[in-house]
Structure formats: C-alpha cells, structure tokens
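Subject: Structure for your review

Dear colleague,

Please find the structure below, together with its sequence.

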Amino acid sequence: MSDPYVHEQPDPGPDDAPTDATDTTDTTGKVVPFRRAAPDPVPTVDPTGSPDPAPVEAAAWTADLPDDGPGDPDPDRAADEGTPVDAAPGTYPVSLAEWMEAKDTARRPVLPQWLRTPAERQMVWQWALRHYGAATGYHAVRLPLVYTPKLLAYAPRGAWRWSAAFGRWVSDAEAKPLRAAAVRDEDAAEYLRLSRQRDARVKLRTLLTGMSSLVGLPLALTLYVMAPSWLLALAVTSLTGTLGCVGAPADRPLVHPAKVTFRKRKLSSDVVVRAFEAAGMTTKDQGITFPRPIGRDGEGWRVVVDLPFGKTFADAVKRHESLSSGIDIAPTQLFLDRDESSARRVSMWIADRDPLAVPAGPTPLLGATRVDFWKPFPWGRDERGNEVLVSMVWVSLLVGAVPRQGKTFSARTIALAAALDPYVRLIVFDGKASPDWRKFTKVAHRIGFGIVPKNGFDPVEHLLSSLRELKADVEDRYHRLSELPLHICPEGKLTPEISRDKRLNMPLTLVVVDEVQEYLQHPVHGREILDLLVYLARVAPAVGVSVATSTQKPDDKACPSVLRDQHQARFALRVGAYQVSDTILGAGSYAEGLDASRLLKSHKGVGILKGMSDDAGIVRNYLADGRDADRILSRAAMLREAEGTLSGDAVGDAPAAASTDVLLDDIAAVLGRGKAEAKVWSDTVVDRLAEHKPETYGAWAKLEGRAKADQLSTALKPYGIGTEQIARRVDGKQINKRGIVRDDVATAITERNRKRAAE
Ligand SMILES: Nc1ncnc2c1ncn2[C@@H]1O[C@H](COP(=O)(O)OP(=O)(O)OP(=O)(O)O)[C@@H](O)[C@H]1O
C-alpha cells in the first residue's frame, strides 16, 4: 500500500521523455550517448548516514559504477552502442549493509517520540496536570454555586416525570395504541389477546409495586430513623441528584463544559501541497514529496518537505508569507528550518498558536543564590518552550532592535547573571542614562550613564579611561598567561581556577555598553572609543573579557561594521526591515530564514540569536523588571562583599582623575603665538592635532574636503566656539576657508578654569 503522506514525483517515463535531439526513435539524427562520470567511491544513496534519508524512488537516483569492471570492459564502446545514461531501477544489487541500513531507517519506533524524550514526556505530564486540574477546579467552583441550585430546582419536575412514567408502566400504557388499532379494525380476536395480555401485565406490575412499597416504605422509614446522618445525606443527595437530572430541560445542559471548543485544524499533506502550489513553489505536475509523515512536535506540527528539483530552501524563505497564507495561519506561526541533507529539503514547524506572543516568564535568576558564569545560564525559552542556555565566555554579543522591544532587558539579564558570580568583573555604561542600569553601581567595577558631563564628572571620559585601562589589562593578561607555569595554565588560556585566583587578578570580565552609538558618535572621543571596543571585541574574549553592546541604530554611521563584525554572537529583536535584520545578524542571515523584521510589536523580549552555538534560533527572553533586578543586585552585592571581590567604582576606587575638556588644551597646544597665528584654518588645526595626538585625532586628519573642518566645528560647539571665514594668500591666490580664532579658545579655557575653581 502506498504511503498516504507521500506524493510521488511523476516518473519521467517514456511518455515524458523529451522528443528533441535525444529522441532515439528519430532515425534521421545520430544519437550520441553521454559518457559515464568518473568513478566515485562515495555511494550516492545516503552518503551521510543521515538518520532520516529521503525515500529513494525508482528511477529517481543514479549510481556510478567503475567503468573498468569485469562486466563492462570497454566503456567507450558500450557508450557508442547506446548504454542508457540512467541505470534501470533495481539493476544494482544492494549490499547487505545497505539493505540493513534501509530497514533500520524504515523501522518505526516502539514507543512514540514523546514517551522517549524526558523533556517531551515532562511536557505531556505537565499539560495533563494543567488541563485536568483546571477542569476539576472549574467544576468544583460551580458545584455548590450553580449545579446544586439547578438540581434542587429541577428535582420536583423530575419526580413528576418519574412517577408519570412509572404509572404508564404499571398500566401498560405502551400497548394502548395496539389495542385501539384492534378496535378500529374490529379485530375481536386480536383485541381479546391484547386485553388478556394487558390484564396479566397490570396484575403482575401492581403486585410488584405493592410488594415493593411494603418493603420499600418500612426500609425508607428505618433508614430515616436509624441510618447515620452521612448515609441519609448520601441517599437524599443521590435521590435529589437523580430527580434533578431527570427533570432537567433537554436543551439546557446541567453542567457547563470547562473548555471552549476552538476550530481544530488537523494539518494534512493536502493542505501543505496546496500551500506550496499557492506560493508558486510547485505545480500540480511537479508535486512535492514528504520524506517522513507529518507529525505532532510540541505544540505544533512538524512537516518535512522535499521541494521540486531546482527549488531551494532560500526560495521557501522568500515565500514565507505566501506559505503561511496557503496553510491559513499567521506568518508568526510558521518556522522554516534548513535541513542539511539536501538543498531542496525544508523542515517546517507549524505552531498551533503564535508562540512568540507568550512571555517566557520571570528569570530563574530570581531564585538563584549564585551563578557560575563559566557555565551556560538560562536566558529564555525558544518558540517551543525549551529552555535556552547561553554562555558569554569567549564571545562578544551585539544586541540590536527598534526602541522599546527589550534590548536593554535582554542585555541586562546577562549582566545580572554575571553579577551573581562574585568573581566576574562588571563594566557597565549606558549611553542613554536610563534608570535601567542605575542599580549596577552596587557591584560594577566601572560604571557610567549618558554622555553629558555632570558635577565635574564626564561619563564619556570615564568610559574612555575604563576601556584604556581594560586594553592595558588585556595585553598584560596575554603576557602573564604565557609566562604562567604549565601546571597552572596547561593550555595557555584562562581557566576557571586562574580567573578566581585573586593574586593573579585575571577575573572573567563583562563589558556592557548599552546604546553604544551614543558613545561612538561623540565628537571628540567617538573614534577612540570605537577603536578600543573593536580591539576588545576582537582580542579580549580569549583572555576572559567579553563585550556586550546594544544599539537601536545598527547602521554604518552610528555603529560601524568594523565593530559589528567583531561580535561572534548576535541577537536581533524586532527591527523595521529585513536589511536591518541582516545588518545585526550578519549578511546572508535572511537567506537562512532569519529575519527579525517579521517579529511583531507584541513580541517583547523576543529575538533571533545567532552565533552563540551552532544553531541560530528564536529566544523569548526571561523577564527581570526593575524590582527583580534590584533584588538580584542586592544579593550580588552581598555575595561580592562576603567574597571580598567588590572593586573599582563600587568601592569608590576611581581611575586617575579624568581631565575634562582636553580638546581645548590640545588646540591651545597646537596654535602658535605670533600675529599670523591669531586665526588658523580648521584644516590646519586638525592636521596639527593629528600630529600632536595621532591616537585621538588621527582619524579626523584622514577625512577629505569639508568633512575635515566639520569635525572640528562640531567638537567645538559645546564650548561656544564658532568658526569663521579666514582669507589667506597661497601661491599668490586668495583662498577663503573656515577657521578658529585663537582668542576664542583662550577665553573658553579661562572660563573653564574659573568654573573648575568654583567647583
Ligand atoms: N523578556 C521580556 N518579557 C516581557 N516583556 C519584556 C521583556 N523584555 C522587555 N519587555 C518589555 O518591553 C519594554 C521595553 O524593554 P527595554 O527597555 O529593554 O527596551 P529597549 O529596546 O531597550 O528600549 P529603548 O530603546 O527605549 O531603551 C519593557 O519595559 C518591558 O515591559
């Protein structure tokens, strides 16, 4: 019997054979058969040993045989004689190993899949408990409040109905129409027979009723007087319940069902075929095949489809919405996975309802006393409810999304896990100075908020000095790790033991920069911050320093690709367009079916994670709101205090005082004293600054045309210094360019010094 789930590929038999140059019946042309390919030692049938190979259809596969085998001494001659290119089905004897492997694959499992995997088993038990527990609770609440009053109300009618039915039985009312018919037909013999039968029946039934009453009434009386109250209550309840049920109206049920019956959709192969046809991925003639039966997978259906030859997984991804429409579901219910065994194989998971709109719930960190940051920790759940564990050791992470989708919360859950490991050093900077990160001051080694200097403290300079400090630390770690004895550092890499040895001072370090674009676009320090972050994201993870940056502007201007590309792990929450999704997740992600622009506004804290492990996929982040974060951080602070690992800003140990407004001093240093230097072109100032401090201003000097001068005017704006047209004679010609006035800079410096003194 053919498999009902398999739609056979039309067999390209003789009728379908092309009738052009290869038509062998055409005697006017010469048929030139193809030569066989060079011998290939790898069998074409299931070379990977995949646990689920595609069904092999007759004439749909070919095998290469050695040309110089004993049965084919001269391949050229054989070809000239018209040896068919494709082997006839069943020509090649199957080896015993292949035969056994085919049988192994075809064998159905003894136990259903859900019984064999502990996670699914647990899920089914939990579902049963949830489902039947809810139904029991529903009825338990309604029993005293709804069902009992109804039964009491219907019981008198039930008593009446029951006694009327009993009376009809005693009087043999059911045979009355027959007796009436005999009278109408004037059939005296029949009437007499029926009457005699009725008399006998009525006599017997009356006798039985009388005897039952003689026994039943004293019994009822005895029960009433002697029986314990519980038995009496049971008897009255049963009698009232029975009479209530008998008296209930037929159109209004006594008991309300505990669940609403939704329209249930069973996914069949016909629906899937219809969807692929509607999406233009196949035609009625081509068909698609199902290498394995459609089956339940968690709270949805798993369908594996082989597309027509030439169609690819990427084609299916492009038609994601049409396919959803063809199946008649929302696009957020359809998940397409690549199947590595063939480019034309697509694995689809069709969820019963939008799984991403269901929040993953509060973070398990709330119940954790401490975390080992060397080990993966729970970050969220995937679309099917499986827990997603992540590890930040050896990786850097980029988080991107439009505002209000959960960027900060997702990065913060990682930082909270790090905080609960007292041996992890935390460096936290928040470009937008929101309240979200404030409580990290309890534990963070270095911390800063926003970009605007306040009370003589410039958060941008603090970030800069922290990153410089960290860069020096990273370089130092590399040296020291290579010098450590082999018994302490066997692989030349940081180990949990080394990272927790306070004397070695090489703790795991997590740098979180939220809204990183704010720092990267800083007119003076943006370039250096970028260079430092690029260095750290590229080089530092190997010595235990991981960087997590988040941005709502992943474009090249706000967060250049030179930084983005250094992050191995990417997490994209909802974005506006698939191009932006590709910018965050990396080029080619869309073609792999990863597109964060398909996520909806309601999918808060939901994103696509790529690069953290071999597989990319959806993560619904656990939630830690402000209060939860505060609780976790208070616990983390206590833990660090007990372990003696609080350091840096958390204990008031700030880095060397940051010099504010260094730009003014730098400009003053490069401006000459003479009259000719009273006004200097911006280009010239920039070139001199680049010479003076190449690491800070080198990038400005590389800019072309107006951009070079613009850098300086933007940087000077906060100090109220404008640029003006300055004319010069160069090679006999007068040239006008924008520049700055030395006195303006001197005034700004005086003003700044006065303010500092006042503070
Ligand atoms: N895992 C989650 N589960 C449920 N809701 C969440 C989750 N993460 C975030 N949210 C909700 O989304 C809101 C926005 O989150 P968050 O502040 O992290 O977004 P954002 O992208 O950083 O926004 P902005 O760009 O404005 O800073 C939160 O206030 C919270 O209500």
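Two strands are taken to pair if DSSP finds at least two bridges between them. Helices (H or I, at least four residues) and strands (E, at least two) are DSSP runs, numbered from the N terminus. This is a predicted model, in which local features need pLDDT of at least 70 and side-chain atom pairs count only at pLDDT 80 or more, while totals for chains, interfaces and linings use all residues. Residues are numbered from 1 along each chain as its sequence is written.

On those terms, strands β15, β17 and β16 form, in that order, an open sheet of 3 strands with antiparallel pairing. Because β15 (679–681) and β16 (724–730) stand at the edges with a single partner strand each, one side of each is left without a neighbour in the sheet. From one strand to the next the twist averages 55 degrees (axes are lines fitted to C-alpha atoms, for helices over the stretch in contact, and angles run from 0 to 180 degrees between N-to-C directions). The antiparallel pairing of β16 with β17 (residues 733–741) extends over 7 bridges, and alanine 727 stands opposite asparagine 736 in β17.

A second open sheet has 4 strands in the order β1-β2-β4-β3, and its pairing is antiparallel. Its edge strands, β1 (295–296) and β3 (334–338), each pair on one side only. Strands β2 (residues 300–306) and β4 (residues 345–351) run antiparallel and are joined by 7 bridges; arginine 302 stands opposite tryptophan 349 in β4. Helix α10 (residues 320–327) packs on this sheet and touches β3 and β4, its direction making about 125 degrees with that of β3. Contact here requires that the C-beta atoms of two residues, placed from the backbone, lie within 7 Å.

Turning to helix packing, α12 (residues 459–483) and α15 (residues 526–539) pack at an angle of about 35 degrees, with their axes 10 Å apart. Residues of α12 including Leu463, Leu467 and Val474 take part in the contact, as do residues of α15 including Ile529, Leu532 and Val539. The contact comprises 11 nonpolar, no polar and 3 charged residues. Ala, Val, Leu, Ile, Met, Phe, Trp, Tyr, Cys and Pro count as nonpolar, Asp, Glu, Lys and Arg as charged, and the others, Gly among them, as polar.

Finally, the shell around the ligand divides into 5 nonpolar, 6 polar and 3 charged residues. Helix α11 (residues 407–419) supplies its largest share, 3 residues.

With kind regards
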